[in-house]
There are 2 protein chains.
Amino acid sequence: MRGARSRAEILKIAMRLASREGLEAISIGRIAEKVGMSKSGLFGHFKSKENLQREILETVADRFAKRVFVPAMKEPRGLPRLKAIHQNWIRWIQGSQDFPGGCPLIAAASELDDQPGLIKDYLKEKQLLLIHNLQKAAQLTKDEGHFHADVDVERLGWYWYSLILGYHHYKRLLNHPRADEFAEHAFDELLQRCQKKELSS
Amino acid sequence: MRGARSRAEILKIAMRLASREGLEAISIGRIAEKVGMSKSGLFGHFKSKENLQREILETVADRFAKRVFVPAMKEPRGLPRLKAIHQNWIRWIQGSQDFPGGCPLIAAASELDDQPGLIKDYLKEKQLLLIHNLQKAAQLTKDEGHFHADVDVERLGWYWYSLILGYHHYKRLLNHPRADEFAEHAFDELLQRCQKKELSS
């Protein structure tokens, strides 16, 4: 039990560091220093830097699911649930105590896109799962009759993700005064366009 | 002359490294090793790590302007020029020999958004200039009568940038088979919506 709690504590600290400085800043030595443990103690927990990075991404992805998707499941299928996912995602990007440096998944995506290897593959897998879940929520919205029957859910997923990335950029890097307005407006427009025939394949 | 050429060569190598591994991976020692110079020789050129990072961003931003905006200036004002900027930007993201790791400016944006300091300020300034130039091209398109007179160019600029970020994400990280189709289609739709009254403030 004690070992398990300590592992979770280490991951929490490592996650905060990755949020601020990126996954590349993570090393066994650096984290050992941060948590006040020996390098060999930390090595005993995680075996390698790559494994530690993978577990950080896993922890972030779990938390993302708990904050963004799980609470939205309480909403009725279709449009209400889709809107809840979006609102939770926006709040996630606005930041929390856990992630003082913004969404570690978005940061890792630009950081790792050209570093082939296990960590990139793992991140890609997590991103594909996220996109799959967005598309599933969109498909249910079609099935409920809240969207036009011809909506291309894959295309909708890409549009949706693009708006989120644009919001992240304007909000976190530029601190742009209209970031919230742009993102809110754009999501409403996207939903309206899906009710017509505009996002067909 | 020899000193000047050598400085440009160093920056080119440093830029390639930053493209693959991010700006945080840049240090005087690391670049000295890559170019086969002494640390003190490199220090003589750049004075500090921060200054080296700043010059890398400057070099990338110059190149971006030369590849994306300058050739578009040959096109007539308005829609033709706007489309040329977009095409050049898409090609820029698809990559070049100089940037094997994708757009270093997008990577630096997620990397630095929560690291207050001179480099973040500098990047933010460059990003605001880019957005200003996008908005200027959009304003000229309005002035030429190619867009509806009520188009909110600031909002258009954000939409445009969001599509580019979405394209970058799907293309470079996920290697998604429909990335090109999505981005091309979305830009055409954005232009069509600007011809109506849909992107008003």
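**Exercise 1.** Is Lys47(B) buried or exposed, judged by the other C-beta atoms within 10 Å?

*Solution.* This is a predicted model, in which local features need pLDDT of at least 70, side-chain atom pairs count only at pLDDT 80 or more, and totals for chains, interfaces and linings use all residues. Residues are numbered from 1 along each chain as its sequence is written, while chains are lettered from A and ligands numbered from 1 in the order in which they are written. The cut-offs come next: a residue is buried if 20 or more other C-beta atoms, placed from the backbone, lie within 10 Å of its own, exposed if 12 or fewer, and partly exposed in between. Lys47(B) has 11 other C-beta atoms within 10 Å, and is therefore exposed. Its place is the loop between α3 (39-46) and α4 (49-69) of chain B, where helices are DSSP runs of H or I with at least four residues, numbered from the N terminus. Although Lys47(B) is not glycine, its phi is positive, near 70°.

**Exercise 2.** Find how many residues of α6 (104-112) of chain B are buried.

*Solution.* Eight of the nine residues in this helix are buried, among them Pro104(B), Ile106(B) and Leu112(B).

**Exercise 3.** Describe the side of chain B that touches chain A.

*Solution.* Counting residues as in contact if their C-beta atoms, placed from the backbone, lie within 7 Å, 36 residues of chain B are in contact with 36 residues of chain A. On this side of chain B, α8(B) gives the most, with 13 residues.

Technical notes. Helix = DSSP H or I, 4+ residues; strand = E, 2+ residues; numbered from the N terminus. Contact = placed C-beta atoms within 7 Å.
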